[in-house]
2 protein chains.
Amino acid sequence: MEEVPGAVGTSASFALRLGQTLFSSASLLFMSLGVDFYGYTAFCFLVTVMGLVIPWSFTLALVDVYSVLVKCPLRLPGTMTIIVVGDWVLSFLTLAAACSTASVVDLLLHSNGRCPVKFCSRYQVSATMAFLSWFLSLASSLFNLWLLPSL
Amino acid sequence: MEEVPGAVGTSASFALRLGQTLFSSASLLFMSLGVDFYGYTAFCFLVTVMGLVIPWSFTLALVDVYSVLVKCPLRLPGTMTIIVVGDWVLSFLTLAAACSTASVVDLLLHSNGRCPVKFCSRYQVSATMAFLSWFLSLASSLFNLWLLPSL
C-alpha cells in the first residue's frame, strides 16, 4: 500500500485540516460580527456551511494528530469512503457559499448606500476566507480520493 | 480494461453531453434575452462560463457519436487526462456561476422594484438550467475519473 502525502493520518493532512478550520472560523467570525448577515440568504448559507465545515475539519485534524502520534494511519476502506464523500460534499458546499457571498457583496458594493463600507469590507474578507477554506478542502479531497483505489 | 458506462465513447456519455449542451444553451439564452444582464457581474460570469461549456460539451458529444459509430472508444491516457481535467474545471466553474446567479436573483427579488417580474423569472430559469448542466457535468467528470486509473 503506497503512502499518499496529504491523505488522512499524515502530518500534511493535519496541516490542511488545521488551515481549513482556521479559515472557516475566520470566515464565520467576520460574517457573524456584521449584525446584518441574517438579512441575506447567501450570507445565512455561508454561516450554515461554515458551521458544518468547522467541526468536520476539526474532528479530522484530531484523527490526524492521533494517527501521527501512534504512527498508525487510518486505512479502513469504509471509513475512508465516508471521509472522501463528506470531503467532496463539503467542498462543493463551501465553493457554492463562497461564490454566493462574493456575488452578493459585489452587488451590494455597486448599489450606492445599501452597504456601509465597514460591513462590506467584512463581508469581502469573509468570502475570501471561505475561498481559501475551499481550496484546502479540495486539496484534502483529491489526496484522499487518490488513496481510495489502493485500499 | 473494464467498460465504464458514462465514460467517453459510450452512448450514455453522449446522452450526458447532449443534456449539458441543451441545458447550457437554455441557460445562456434565458440570460441573454434579458437585456440587463451585463449590469451584474454574476450574470456576466454565467454567460462567460456557459460560452465555454457549450463548445466543450458539443465537441465531446461529437467524439462520442463518432466512437459509438465506429465501435472504437477513445482510450488514450493523455487525451483522457485532458478531458477529465477540463471536465472538473468546467464543473466547478458552472457550479460557481449557478450559485452566484441564484444568490443575486434572490437578492434582486427581495429588494422591491429593482427587478421587473418578467426579467427576474428569466434569471431564475437561467440559474436552474445552469444547476442542471452542473449536475450532468459532475456525472460525466465522475465517470471519466473512474475510468482513468484503469488505462
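The dialogue below takes up confidence, fold, interface and symmetry in turn.

Biologist: What should I know before reading any value?

Modeller: This is a predicted model, in which local features need pLDDT of at least 70 and side-chain atom pairs count only at pLDDT 80 or more, while totals for chains, interfaces and linings use all residues. Side-chain values use heavy atoms, leaving out hydrogens and water, residues are numbered from 1 along each chain as its sequence is written, and chains are lettered from A in the order in which they are written.

Biologist: What pLDDT does chain A average?

Modeller: Where pLDDT is low, the predicted coordinates should not be read in detail. The pLDDT, the predictor's confidence in each residue from 0 to 100, averages 88 in chain A, and 95% of the residues score at least 70. For the complex, the predictor gives an ipTM of 0.87 and a pTM of 0.90.

Biologist: How many helices and strands does chain A have?

Modeller: Helices (H or I, at least four residues) and strands (E, at least two) are DSSP runs, numbered from the N terminus. Chain A has four helices and zero strands, and its C-alpha trace spans about 60 × 25 × 20 Å along its principal axes.

Biologist: Which residue forms a salt bridge with A:Arg17?

Modeller: A salt bridge is a side-chain nitrogen of Lys or Arg within 4 Å of a carboxyl oxygen of Asp or Glu. A:Arg17 pairs in this way with A:Asp87, their closest N and O atoms being 2.9 Å apart. Because A:Arg17 lies in helix H1 (residues 11-33) of chain A and A:Asp87 in helix H3 of chain A, the pair ties together parts that are 70 residues apart in sequence.

Biologist: How much area do chain A and chain B bury between them?

Modeller: The size of an interface is often given as the accessible area lost when the parts come together. With a 1.4 Å probe, and summed over both parts, chain A and chain B bury about 1,500 Å², 78% of it on carbon and sulfur atoms. Across this interface the rule finds zero salt bridges. The contact (heavy atoms within 4.5 Å) takes 19 residues from chain A and 19 residues from chain B.

Biologist: How are the two copies related?

Modeller: Copies are superposed by least squares on the C-alpha atoms of residues with pLDDT of at least 70 in both. Here chain A can be laid on chain B with an RMSD of 0.0 Å by a turn of 180 degrees and a shift of 0.0 Å along the axis. The two copies are therefore related as by a two-fold rotation axis. In chain A, the C-alpha nearest the axis belongs to A:Ser100, 2.3 Å from it.

Notes. Buried area = accessible area lost by both parts, 1.4 Å probe.
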